[in-house]
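Please open the model in your viewer and get ready to pick out a few charged side chains. We will go one stop at a time.

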Amino acid sequence: MSFLHILKCPNCGAVLVKKEHTYDCPWGHRFDIAKEGYVNLLVHTQKKTGDEDKMVIARHDFFKGDHYHVLKDEIIKIVQKIKPAIIVDAGAGEGYYTRAIAQVYEAEIYAFDMSKKAIKLAKKACPDLDYIVANVFHMPLIDESADLVLSIFAPLGIKEDHRILKEGGYLLKVGPGPKHLYEMKEVVYDEPYLNPSKELVHPGFKKLFDYEIKDVITLKHDDIKALFEMTPYIHSCPIDGKERLFALDQLVVSIAFRLELFQKSSS
Ligand SMILES: C[S@@+](CC[C@H](N)C(=O)[O-])C[C@H]1O[C@@H](n2cnc3c(N)ncnc32)[C@H](O)[C@@H]1O
Ligand SMILES: [Zn+2]
């Protein structure tokens, strides 16, 4: 039996204790550990959908090609500089970045996602990590327990991130830069657009840095398809645009990631 002192019961907020097959709270709420090794801590009051399975599988396939390694390497560098003891990946998806960090950096890591499919794939790829089905707007963690929250291409629950971070803890937010996947949009849309760049200001956080990293990648047909299917364009793109894209054998496409680091600070 091992004890995790920072996971809390989603029903009553008491600290959860990990037993062989369950996570238990002292007031009798019990959460089964699935045969795949993850636990579902979503309760009925919280919305129960993450990305569709098809998008999750496409992301998993795409990441096998390591095309976003520039971002992965940059995130690892930042983690190694900050030296957090407890890391939370809020909206971890199928776990590409979480497991990359775990391979080179020792920390207690909790990865949350609302998609069961994503958490199953993540746990299979890295069985030693704590992957939990949970909502980033209601994380099952006690107050002021984390040193670093990662929010990578995921919905940002900034109030919740502030609640779970220790004073002086960090929030790393990663999203698309203006020209991320621009050449793909040139193929699928009649009028491709730049991704908007919003300014995020939140009381209790000061911004430490904000920069972009860029690369150009060359994708073959299967990876073009997987990339398209893991993005929101799958829902908004015209059918002829999709057909044009899927007819390509190769696509040279820009990738651009905006990284923002915030520190929790009461002053
Ligand atoms: C674009 S994916 C990014 C996943 C991962 N961070 C990555 O970069 O590969 C966004 C993820 O957020 C999850 N998600 C969406 N809403 C969520 C919520 N409220 N709580 C937890 N996860 C959520 C989706 O299921 C999906 O896996
Ligand atoms: Zn409870």
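**A tour of the salt bridges**

Start by selecting Glu260, which is buried at 2% relative accessibility. Here buried means under 20% relative accessible area, exposed means over 50%, and partly exposed lies in between (1.4 Å probe, protein chains only).

Before moving on, note that this is a predicted model, where local features need pLDDT of at least 70, side-chain atom pairs count only at pLDDT 80 or more, and totals for chains, interfaces and linings use all residues. Residues are numbered from 1 along each chain as its sequence is written, chains are lettered from A and ligands numbered from 1 in the order in which they are written, and side-chain values use heavy atoms, leaving out hydrogens and water.

Glu260 and Lys207 form a salt bridge (a side-chain nitrogen of Lys or Arg within 4 Å of a carboxyl oxygen of Asp or Glu), with their closest N and O atoms 3.2 Å apart. Glu260 is in strand β11 (residues 250-264) and Lys207 in strand β10 (residues 205-220), so this pair ties together parts 53 residues apart in sequence. Strands are DSSP runs of E, at least two residues long, numbered from the N terminus.

Now select Arg258: what does Glu260 form with Arg258? A salt bridge, with the closest N and O atoms 3.5 Å apart. Arg258 is buried, with a relative accessible area of 13%.

For a last stop, go to Lys64 and Asp61, whose side chains meet in a salt bridge (3.3 Å, N to O). Lys64 is exposed at 62%, while Asp61 is partly exposed at 36%. The count for the model comes to 24 salt bridges.

Key: Helix = DSSP H or I, 4+ residues; strand = E, 2+ residues; numbered from the N terminus.
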